[in-house]
Amino acid sequence: PGEGAEAAMRRSLLDAGGEAISGLRGVVAKLLHGVWADEAAPEVQFSPDPLSENLELAIDGRTIRFSQVHADEVMHAFACTRAPVLLEDGFGFEVLVRAVRKGGKSELGIGFSARPPREWPEELPSSADQLGGDTWLAGYSGEAWSGAWVDMHWCMPEIKEGDRIAVYGVFGDRAMKLLVNGETIGSVPMPTVSRERPLWGVVDLLGLEGCVQEVTLPQR
């Protein structure tokens, strides 16, 4: 009986050690990926509805491409994410530029919307800034959208295939940062970023006005 009790105690200690190692792996995952393992957001995808009529959405939900459906509508090329783009210390996401078109402006709209996509109008406007005051967008030349057009002291660099363009807002800050290939280009004023006010990612390819034809949401 004494040997049986000792064996049971050894098994209990091994189980406890296994749980501790599992917990440590979760902490390491958080440090490596920037989110807690048990709070990790699902893979970021674009929402198929709402979706501007001049966009094609890939089957995996991660790639949008400008495909002009109506010859007289040169815009109508923006999309939002399925879910809020929550990170450990704020909201943020990035897109990978997959294709560009010669002759367009080196611009695209990228940012956040605090208005849930299910509350967007059934008939979408031609550009994302027309969604209203709960939308903040960067990526234009010398301007940004923060409920109204705001003059900025910075411009987008030339956008090329392979560029990574991101926006990021830290909890407690009143600004959205724009990054290109990991380098901060500038920031856009916005209300205080808070976990209690979820933010969805928004990307506007600007149709024939811009040069970006296709972007992908990289896997986290």
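Student: What should I know about the model first?
Tutor: The model is predicted, so local features need pLDDT of at least 70 and side-chain atom pairs pLDDT 80 or more, while totals for chains, interfaces and linings use all residues. Residues are numbered from 1 along each chain as its sequence is written, and side-chain values use heavy atoms, with hydrogens and water left out.

Student: What is the strand order in the open sheet of seven strands?
Tutor: The order is β1-β4-β13-β6-β7-β8-β9, with antiparallel pairing. Strands are DSSP runs of E, at least two residues, numbered from the N terminus, and two strands pair if DSSP finds at least two bridges between them.

Student: Which strands stand at the edges?
Tutor: β1 (46-51) and β9 (149-151) do; each has a single partner strand, so one side of each is left without a neighbour in the sheet.

Student: How many bridges join β8 and β9?
Tutor: Three, in the antiparallel sense, with β8 covering residues 143-146. Glu143 stands opposite Asp151 in β9.

Student: Switching topic. How many aromatic pairs are there?
Tutor: Five. Rings of Phe, Tyr and Trp (its six-membered ring) pair if their centres lie within 6.5 Å; planes under 30 degrees apart count as stacked, over 60 as edge-to-face and the rest as tilted. One of the pairs is Phe93 with Phe112, tilted at 6.5 Å centre to centre and 55° between the planes.

Student: Which strands hold Phe93 and Phe112?
Tutor: Phe93 is in β5 (residues 90-100) and Phe112 in β6 (residues 109-113), so the pair ties together parts 19 residues apart in sequence.

Student: Is Phe112 buried or exposed?
Tutor: Phe112 is buried, at 0% relative accessibility, and Phe93 is buried at 7%. Buried means under 20% relative accessible area, exposed over 50%, partly exposed in between (1.4 Å probe, protein chains only).

Student: What about Trp145 and Trp149?
Tutor: Their ring centres are 5.4 Å apart and the planes are at 70°, so the pair is edge-to-face. Trp145 is buried at 10%, whereas Trp149 is partly exposed at 40%.

Key. Helices (H or I, at least four residues) and strands (E, at least two) are DSSP runs, numbered from the N terminus.
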